[in-house]
Amino acid sequence: MLGELRVETDLFIGGKWVPAESRFDVLDPATGDVIASVADGTVDNALAAVDAAYTAAADWASTAPRVRSEILRTAYGLMTERADELAQLVSLENGKALVDAKGEVAYAAEFFRWYAEEAVRAAGSIATAPSGANRILVTRQPVGVCVLVTPWNFPAAMATRKIGPALAAGCTVVLKPASDTPLTALAMAAILAEAGVPAGVVNVLPSRSSGKVVSAMLHDSRVRKVSFTGSTEVGRILLAQAADNVVNTSMELGGNAPFLVFADADLDAAIEGAMIAKMRNGGEACTAANRFYVEESVAAEFAARLTSRMSALRVGPGVSPDTQVGPLVNEDTVAKVDSLVQAAVSGGATATTGGARPSGAGFYYPPTVLTGVSPSAAILREEIFGPVAPIVTFTSEAEAVAMANDTEYGLVAYVYTTDLARGLRVSEAIEAGMIGLNRGLVSDPAAPFGGVKQSGIGREGGHEGMLDYLESKYIATTW
Ligand code: NAP
């Protein structure tokens, strides 16, 4: 039931809407009802998309950077004009509150604007060899055909964060969106075509057979890169497959963000930051604060204030204008969140608000705060991906840093303190690709986003984001 929203539901290959042999349903997380049926891409369709991307590659790579830039700028304008409509679509298929969906669409559009600006700045370098014998010229060339695989939690932004730099660099792409949220990706394909992206440069392939279609593409020697955002588990599979043809990889994987509050923190700011870091996207963000470590002397006050804010949030269907927290994306996600909460409570934690699944339709979970969480609880080791804030106390800076680093993940961490030296010292000591220092939000199209350890390889956004789609070619010469 897309209502007035106009969305194509076939595959987008070679600039055309292509039907598939079968279709699959997309559900409304607020009701579990079917909202649309989408073409289910097969391996043959995937290889046709690679073919289209490969055929378009040389012309696109040699298209003037200014022309590529203007097309991306037009796509930014179209997304901005249609922001409300796109936000409705994101909210409808993902479940997130409209306010979050609007935020996502604005953020997503910014990647097109930022990379419109970067497209004309892919500069190389020239130097004299230390021996003086020759010159070292370094030029930048597009990597080639890229396979982009995106998750359901930011259906617009995860697509534009890859398509923007890829197109700016002169690469052509096949996007495989998450099967829970393919509609937004199809809407993006239509916008890019309207903006002037030539046929074959962007192809979009929804598929329920993700493993098979992505594997087939990664084993096609015309594919030179895979950029993946999703779970660490699937990232490992794709890294192994990429090894077969030595395909260039960018991996934006899972997170387990610690949120540190020192006794000298501005508690008002820390609570505001905690609400953003935890509740943006209803907790379904790789950057979501997953573990709150609070210095013992302020822990009771922090927990009470966070409980009061979390319990006041309005939960409801994402598309209702006054909803602050929508349903989670699907049944499996709710079941996982609830089992982590129940295990923590069995291990001695107390739910000061929330903590139990409501009855009735839809994939809802209430905003929940847990105090007295055992440092060994599973909820501190696994990505919760839901609106649950477990709180643990610490007594020294060294203990806080050790607890923050006690995870295989390293995407982002948040640190609240008014002592600048401590803030910078702790930021350096934490093993993460990004730090929010007295900030609950780090994502910015102009900044390099990415993780260390098992949170990933490479960076998206900023100048670095485009380098991930460029090869450096070194030319040795003498004159
Ligand atoms: P997921 O299960 O790993 O799926 C991500 C994408 O991979 C989907 O398009 C999925 O398709 C596809 N996929 C699944 N199995 C595959 C396989 N064997 N081969 C190829 N593709 C496969 O992750 P998710 O549940 O959608 O998203 C949540 C995860 O994404 C979390 O771990 C979160 O932290 C991470 N994430 C990371 C970032 C970041 O920037 N670091 C940003 C957002 C999300 P189907 O939908 O068809 O299964």
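The model is predicted: local features need pLDDT of at least 70, side-chain atom pairs count only at pLDDT 80 or more, and totals for chains, interfaces and linings use all residues. Residues are numbered from 1 along each chain as its sequence is written, and side-chain values use heavy atoms, leaving out hydrogens and water.

**Around the ligand**
- The ligand is surrounded by 30 residues, each with a heavy atom within 4 Å of it.
- Thr-150, Ser-179, Ser-210, Ser-231 and Glu-383 are the closest of them.
- Sorted by class, this shell holds 15 nonpolar, 11 polar and 4 charged residues, with Gly counted as polar.

**Polar contacts** (pairs of N or O atoms within 3.5 Å)
- Ser-179 has a polar side-chain atom 2.5 Å from an oxygen atom of the ligand.
- For Arg-161, a side-chain N or O atom is 2.7 Å from a ligand oxygen atom.
- Trp-152 places a polar side-chain atom 3.0 Å from an oxygen atom of the ligand.

**Burial and shell elements**
- Taken alone, the ligand exposes 900 Å², and the protein buries 85% of that (Shrake-Rupley method, 1.4 Å probe).
- Helices H5 (157-169), H7 (210-218) and H8 (232-244) and strand S10 (223-229) each give two or more residues to the shell; helices are DSSP runs of at least four residues and strands of at least two.
- H7 gives the most, with 3 residues.

**Annotated domain**
- UniProt, in an unreviewed entry, lists residues 17-475 as "domain: Aldehyde dehydrogenase"; such annotations may be inferred rather than shown by experiment.
- This span is 41% helix and 20% strand, and its end C-alpha atoms lie 42 Å apart.

Conventions:
Polar contact = N/O pair within 3.5 Å; in protein donor to acceptor, adjacent residues only side chain to side chain.
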